[in-house]
Amino acid sequence: MNGDTNMANWINQLYFGDNLPILRERLSDDSVDLIYLDPPFNSNATYNVLFKEADSAQSAAQIQAFDDTWHWSIEAEATYEDVVVNGPRALSDMLQSMRRFLGQSDMMAYLTMMAPRMVEMHRILKPNGSIYLHCDHTAGHFLRMLLDAVFGTERFHSQIAWRRASAHNDARQGGRRHGRVTDTLLYYCKGDAWTWNQLYAPYDQEYVESMYRHTEPETGRRYRLDNLTGPGGASKGNPQYEVMGVTRYWRYSRERMQELIDSGRVVQSRPGGVPSYKRYLDEMPGAPLQDFWDDIKPIGSRAKERLGYPTQKPEALLDRIIRTSSNEGDVILDPFCGCGTAVAVAERLNRRWIGIDITHLAISIMRSRLQDTFGDSLSPYRVVGLPEDVEGARALAQQSGGGRFEFEYWALGLVEARPARDRRRGADAGVDGYINFFDDNSGRARSIVVQVKSGHVARNIIAALKGDMEREKAEMGLLITLEPPTRPMLEEATAAGFYVPEAFPNNRFPRVQIVTIAELLRGDRPALPRLGLSEAPTFRRAPRMIREGPAPERLV
C-alpha cells in the first residue's frame, strides 16, 4: 500500500481506472469507515440470456458506462482461478458452487468480477465500518451469497427495499409477473461494534390517527395517553403510593410524579380512573427507520439534481445511508461512483471521500458536479490516473477494450466539451463532442463541434470538420489531435476565416481551430467564445448547495 488513506495527510481522492487494482494498491487496511457501491449490471438484458453459457470467442468483460454487460472470457477464467486458489476459503467454495450451477455464463462472469473486489473492500473497511451494496432483482440473491462468504452470515444486518418507482405495468415477458418497483440494499458490517446513528421516519397518518387521538383545544397539539404504572410492581423496584385517589406501583418516584402533575402531564380521564401520562406527538422523534424505504422518491426527469447519467440515484438515499452509518470526518468510499452522488453527499455532510470509476465520462461529470454544487467551498481533492503527459495520453489511446474512446472522453474534458455519442457506435460519425455558448440575449445557444484524433492526421480531416460544421449548423469547429498538425492542415483551418459575434463585433475567433494534446496539457487553450463571453453549461449543472456545518479538519 502506498498510504493514500493516511489520515495525517488526508486529501479527498477521485480515481480514474479499474477499481480492483486501485483497491489493492492504493487503499490501506482498515482505512475506510463506510462503503456504498452500486455496481452496474445489464438489468435490461433478457434474464435467461444472462445464464446462457458463452462460447470462447466472446469478448472480455468490460465495465463501461451505458454498456454494463459481461461475458465469460480468458480474463474471467483467470480471475476465477485466482479467487479459488488465493481467496478466503468460504468464498472459494462459494464461487466453485456457483460455477457448477451457472456454468460459463454472463452471470458467472459478473459474479467472478465482483468476488475479488468484495475481498478488497472487506480488507480496507475499519473494524467498525459498514458496507451497503445496491442491487436489483437481476443478481441480488447471488451477491448476497458472495457477501455472506466474505463478511460472514453473522455480519449481515438488513436487506433494505427502496421503492424506486411507482406502480406500473411491466410489459416485458408478456406482463405475466409482478411489477418491479424496488431496489435492494444489502447492509453488512465488518466487526461486532459498528457506527450507528439512529434515524427516524415520520409516522404515517393512519398511525397518528389511531394512536394520537386526542387534541388540546387551546394549543392544537396531538397527544396520546400512556401507562404510568410500574410493570412488575415491587419486584422491579417500583414505588407504591397514592396518585389522584388511586394507589398503584408507579414508574416514577413520588417527587418526579408530582413534577409531572404540576406541569399538566398527568391526566385522569374519569374520577377514580387510573391516571395516565400525556405524551405529545410533536415531542416524539418519529418511527425508528425500518427496512422498507418508500419515502425517498426517484429522480424525476425534470428534477434539478438530474445530470443525465443513466443509473443516477437520488441524493436523499445516500444522505440517509451516510448519516446512519458514519460520522463527520469519516472516510466514505464509492468504488463504482458513476456521476458521484455518494461523493457529493459525503462532501456536503463533511465526510472525507474516495470515488473510483473506470470511465472518463463519469470522472468529467463528477468534477463538474462538485464544482457546480460547492464552488469555492469545495474541499481540496486530487484526480489520480489521468494522463499527465503526451506519452500517458498515447498509452490511454492504445489501451485495449475501449481505450480510444476513453482517450476521446478525456480529451473532450480538457476543453469542457460534451460527448456527442456513446461508445457503442460503429463507424466514425464525425462529431465527437460539442460546446454550447451564448453570444447575445436571444436565449438561443450556438455551438462548436469538436473532433478528436489519436492517430494519423492529414488535411482531409479539416475538410471533413468543415462539412460537419455545415451539417450541424455550428458556428465553429475544433480539432483536438494527439499528433502535431501538418502545414496543409493549418492552412486549411486558416482559410475558414473568423467567427464574429454580432453582439460583440470587437471579438474575433478563428472559425476552425486545431489544438494538440501537448498544448492542452501545458495549459494552452483554444480561443472559444464560451471562455470569453457568457457561458452555457456543457454538462447539466448540479444545483448549488451549502455544506452542513464546518468542513472536517484537515491535518497537513
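**View A. Helix α8 (residues 315-325) is largely enclosed by the rest of the structure, because nine of its 11 residues are buried.** Buried means under 20% relative accessible area, with a 1.4 Å probe and protein chains only. The buried residues of α8 are Glu-315, Leu-317, Leu-318, Asp-319, Arg-320, Ile-321, Ile-322, Thr-324 and Ser-325. Helices are DSSP runs of H or I with at least four residues, numbered from the N terminus. The model is predicted: local features need pLDDT of at least 70, side-chain atom pairs count only at pLDDT 80 or more, and totals for chains, interfaces and linings use all residues. Residues are numbered from 1 along each chain as its sequence is written, and side-chain values use heavy atoms, without hydrogens and water.

**View B. Helix α12 (residues 403-414) has 10 of its 12 residues buried, so the rest of the structure largely encloses α12.** Buried here are Gly-403, Phe-405, Glu-406, Phe-407, Glu-408, Tyr-409, Trp-410, Ala-411, Leu-412 and Leu-414. At 1.5 Å a residue, the 12 residues of α12 should span 16 Å, and the end C-alpha atoms, 17 Å apart, agree with this. The expected span is 1.5 Å times one less than the number of residues. Just after α12, Glu-416 has a positive phi of about 55°.

**View C. The axes of helices α13 (residues 459-472) and α14 (residues 487-494) come within 7 Å and cross at roughly 25°.** Axes are lines fitted to C-alpha atoms over the stretch in contact, with angles from 0 to 180 degrees between N-to-C directions. α13 and α14 are therefore roughly parallel to each other (angles under 35 degrees). Arg-459, Ile-462, Ala-463 and Lys-466 of α13 meet Pro-488, Met-489, Glu-491, Glu-492 and Ala-493 of α14, contact being heavy atoms within 4.5 Å.

Definitions and conventions. Helix = DSSP H or I, 4+ residues; strand = E, 2+ residues; numbered from the N terminus. Parallel < 35°, antiparallel > 145°, perpendicular 65-115°, else oblique. Buried < 20%, exposed > 50% of the residue type's maximum accessible area, 1.4 Å probe, protein only.
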